[in-house]
Amino acid sequence: MKKANNLKALNFFKENMGIIIALLVLAIFLTVFPATSSSFPTAKNVFNVLRQISTNMLLACGMTMVIILGGIDLSVGSVIALSGVFAAGCVSRYGMNIYLAMIIGVIIGIVIGAFNGFVISRTTIPPFIVTLATMNIARGLAGVYTGGSPVRVVSKEWQWLGAGYISIFPVPVIIMIIIFIISVLIMNRTKIGRYIYAVGGNTLAAKFSGISVSKVKFMVYTYSGLMAGLAGVILASRMYSGQPTAGDGAEMDAIAAVVVGGTSMSGGYGKLGGTLVGALIIGILSNGLNLMNVNSFWQTVVKGVVILLAVFIDYIRNLKKSK
């Protein structure tokens with residue numbers, strides 16, 4: 001058993017050698033670069049980076065499954081906003097129990113994910129179009145519900161999920177680790193995980209082998225919605241309010257983490273371990289640019305270049321496989 005685990009770890013490092021080296025080079029550069037050397041390698045900043053990537057990693061866990069399936073989910077950023085404002089509204093406007101309100105926020109994410117999954121699995125409408133529509137619907141509903149203003153919740157109980165600690169560890173980081181482990185187990189230890197790879201690799205062959213393709217798609221998009229709902233509640237907790245603009249562009253950060261982590265945009269191939277490394281690269285890159293006081297617009301440009309390079313590498317890899 002120990003030998004098998006060592007072999008898996010060795011294979012992981014071999015498959016992800018490029019992005020692991022990139023992560024180490026980036027971390028070393030920010031550690032020795034004069035503008036960031038005094039602030040980047042501190043324990044406080046390390047925990048800050050981990051807290052910042054926690055919501056992105058939740059989204060990326062669901063997004064990895066979606067992309068391996070051969071799909072895309074553009075709605076997750078808007079679901080963050082909708083889940084957050086409704087959870088906050090349940091507390092501040094209706095006096096609801098905080099934990100029940102947070103559960104309702106997560107359920108909203110599940111419902112939107114299930115709707116995406118139902119439409120995509122039952123029709124031939126491309127996932128891009130379906131999730132683009134729900135992205136706009138969810139963002140619009142968040143704006144309508146709040147009138148464009150934040151829904152504030154001033155309570156220590158409310159902020160614990162997003163800004164609290166267990167010992168020295170931020171609660172969102174602990175949640176991220178738990179969700180990551182659950183997602184890895186789903187992909188590597190369950191039938192649904194094997195089915196996701198099968199459907200993403202060849203949908204027709206999966207159907208002929210007896211796999212319910214529509215059921216797999218429905219479950220994957222529902223899981224992605226669950227992750228977005230949970231991320232929305234955590235983010236609202238951290239900001240002491242539900243923000244109708246929260247999660248703007250979050251779907252791009254999640255897709256970037258997945259693609260940088262080596263998951264193929266054509267489906268059928270990818271690992272959550274690579275996604276974790278990808279999320280760390282995106283998070284450390286953003287943190288380093290902030291420490292250097294780089295303009296936010298230029299930060300967006302840099303992220304776009306990183307995504308383009310990752311997709312190009314994926315294209316080269318697929319080209320070699322086809323030969």
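On a 1 Å grid over the protein atoms alone, a cavity is a set of points where a 1.4 Å probe fits but cannot get out, and its lining residues have an atom within 4 Å of a point. Grid points are joined across faces, edges and corners, and a volume is the space filled by probe spheres set on the points. The model on your screen is predicted, so local features need pLDDT of at least 70 and side-chain atom pairs count only at pLDDT 80 or more, whereas totals for chains, interfaces and linings use all residues. Residues are numbered from 1 along each chain as its sequence is written, and side-chain values use heavy atoms, with hydrogens and water left out.

**First stop: the cavity**

The count comes to one cavity of 30 Å³ or more, and the largest cavity has a volume of about 30 Å³. To find it, select Ile-80, Ala-81, Gly-84, Val-85, Gly-232, Leu-235, Ala-236, Met-239, Ser-241, Gly-242, Gln-243 and Ala-246, which line it. Two or more lining residues come from each of α4 (76-92), α11 (213-238) and β4 (241-242), where helices (H or I, at least four residues) and strands (E, at least two) are DSSP runs numbered from the N terminus. Helix α4 gives the most, with four residues.

**Second stop: an aromatic pair**

Next, select Phe-47 and Phe-169, whose ring centres are 6.0 Å apart and whose planes stand at 80°, so the pair is edge-to-face. Rings of Phe, Tyr and Trp (its six-membered ring) pair if their centres lie within 6.5 Å, and planes over 60 degrees apart count as edge-to-face. Because Phe-47 lies in helix α3 (residues 43-68) and Phe-169 in strand β3, the pair ties together parts that are 122 residues apart in sequence. Phe-47 is partly exposed, with a relative accessible area of 23%, and Phe-169 is partly exposed at 41%; buried means under 20%, exposed over 50%, and partly exposed in between (1.4 Å probe, protein chains only).

Now select Arg-93 and Tyr-145, where the charged end of Arg-93 sits over the ring of Tyr-145, 4.5 Å from its centre. For this, NZ of Lys or CZ of Arg must be within 6 Å of the ring centre and within 35 degrees of the ring normal.

**Last stop: two loops**

Select Ser-167, in the loop between β2 (165-166) and β3 (169-170), where phi is near 60°, a positive value in a residue other than glycine. Ser-167 is exposed, with a relative accessible area of 66%. Finally, select Asn-293, in the loop between α13 (272-291) and α14 (296-322); phi of Asn-293 is near 60°, and Asn-293 is exposed, with a relative accessible area of 69%.

Notes. 1 Å grid on protein atoms, 1.4 Å probe; cavity = no way out; pocket = protein on both sides within 12 Å on 5 of 7 lines; lining within 4 Å. Phe/Tyr/Trp six-rings, centres within 6.5 Å; stacked < 30°, edge-to-face > 60°.
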